[in-house]
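Trainee: I have a model open and want to learn how to read it. Please walk me through it.

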Amino acid sequence: MTSFHGLLAYPITPLAPDGAPDLDTLGHLVRGAVDAGVDGVVVLASSGAGVTFDADERDAVVRGAVGAARAAHSPDGAAPVPVHVAVSGSSTREVLARARAARDGGADGLVLAPFSYLPLDEREVVALFEAVAAAVDLPVCFYNRSVQTAYDLTPDALARLARTTTVTAVKDPASTPARPTGRVAALRAATAGLGVSVGLSGDAAIVDGAEAADAWHTGLAALVPADYVALRHARAAGTEPDPDLRAWLHDLTGVLAGIRPVSGLHALATLLGVPTAPPRGPSLPVPPDDVARLREVVARRPVTT
């Protein structure tokens with residue numbers, strides 16, 4: 001079973017008309033991603049609006065996703081695909097409670113973005129990950145949301161966490177303002193020999209040819225998994241992806257870049273035939289003009305074989 005390598009799909013948490021998690025539709029998304037050949041699934045992260053659900057809802061989502069993944073089979077027969085759970089919270093106590101619940105629900109790993117009401121410094125970040133390592137024996141992916149949290153993980157800090165905690169991976173933005181060229185190489189150099197997977201998020205940059213990385217972390221891969229699997233396989237083989245596929249994904253990510261992230265994924269899901277209500281507030285539904293733009297792009301989706 002792999003851990004935070006390859007193509008990691010981050011499904012939305014579909015909602016029923018009453019706003020409750022729709023576990024049947026979530027299971028459909030997870031099985032579809034596994035059947036298409038993704039290497040892992042991550043639930044309740046930003047794409048899955050994890051911080052909007054209470055403990056019972058989160059537990060149901062975790063168990064539903066784990067059950068769906070265990071029941072599915074990847075094309076090469078190497079099932080089950082690992083299911084990871086995002087456990088970020090505004091306090092260490094909340095993070096630990098979510099981490100333990102994820103473990104008890106069958107999670108294979110955790111994804112954690114350190115945040116608080118006030119920006120954390122490095123000592124506080126390290127202490128949080130040390131507390132998780134002491135409480136739960138699962139691999140952890142450091143979710144580096146530098147713009148949102150005002151903390152940008154340094155290569156040296158990642159190396160320290162890899163040595164002293166259960167951090168085995170990092171999810172780093174593929175493109176942010178002032179992100180230096182060679183970021184993946186710097187993170188790899190600092191953690192050489194420590195078995196850390198350096199992964200990227202940011203669909204527009206990934207589609208348009210971001211640095212090679214050990215993993216791609218993407219919400220879109222859960223909605224159009226066959227398309228992303230084909231793109232990932234081409235890039236891994238050092239070949240050019242199908243030009244129609246690349247052009248379509250370029251257009252799709254371009255439209256989504258101008259839409260609020262979680263709302264955009266819910267709107268796209270609906271257009272792709274995945275039933276879901278809009279995300280919970282304070283997120284707002286996508287305006288009609290943007291829905292029309294998405295609909296036009298979806299209508300041009302190429303057939304992926």
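Trainee: How many helices and strands does the protein chain have?

Mentor: Helices (H or I, at least four residues) and strands (E, at least two) are DSSP runs, numbered from the N terminus. The protein chain has 13 helices and eight strands. Its radius of gyration, taken over C-alpha atoms, is 18 Å.

Trainee: What should I know about the model itself?

Mentor: The model is predicted: local features need pLDDT of at least 70, side-chain atom pairs count only at pLDDT 80 or more, and totals for chains, interfaces and linings use all residues. Residues are numbered from 1 along each chain as its sequence is written, and side-chain values use heavy atoms, with hydrogens and water left out.

Trainee: Is Thr25 buried or exposed?

Mentor: Buried means under 20% relative accessible area, with a 1.4 Å probe and protein chains only. Thr25 has 9%, so Thr25 is buried. Thr25 lies in helix α1 (residues 23-36). Leaving out residues up to four places away in sequence, Thr25 touches Pro14, Val274 and Pro275 (contact: heavy atoms within 4.5 Å). Across the protein chain, buried residues make up 52% of the 305.

Trainee: At what angle do α11 and α13 cross?

Mentor: Axes are lines fitted to C-alpha atoms, for helices over the stretch in contact, and angles run from 0 to 180 degrees between N-to-C directions. The axes of α11 (residues 243-256) and α13 (residues 288-298) come within 10 Å and cross at roughly 170 degrees. That makes α11 roughly antiparallel (over 145 degrees) to α13. On α11, the contact uses Trp248, Asp251, Leu252, Val255 and Leu256; on α13, Arg293, Leu294, Val297 and Val298.

Terms used:
Angles under 35 degrees count as roughly parallel, over 145 as roughly antiparallel, 65 to 115 as roughly perpendicular and the rest as oblique. Buried means under 20% relative accessible area, exposed over 50%, partly exposed in between (1.4 Å probe, protein chains only). The radius of gyration is taken over C-alpha atoms; the globule rule is 2.2 Å times the number of residues to the power 0.38.
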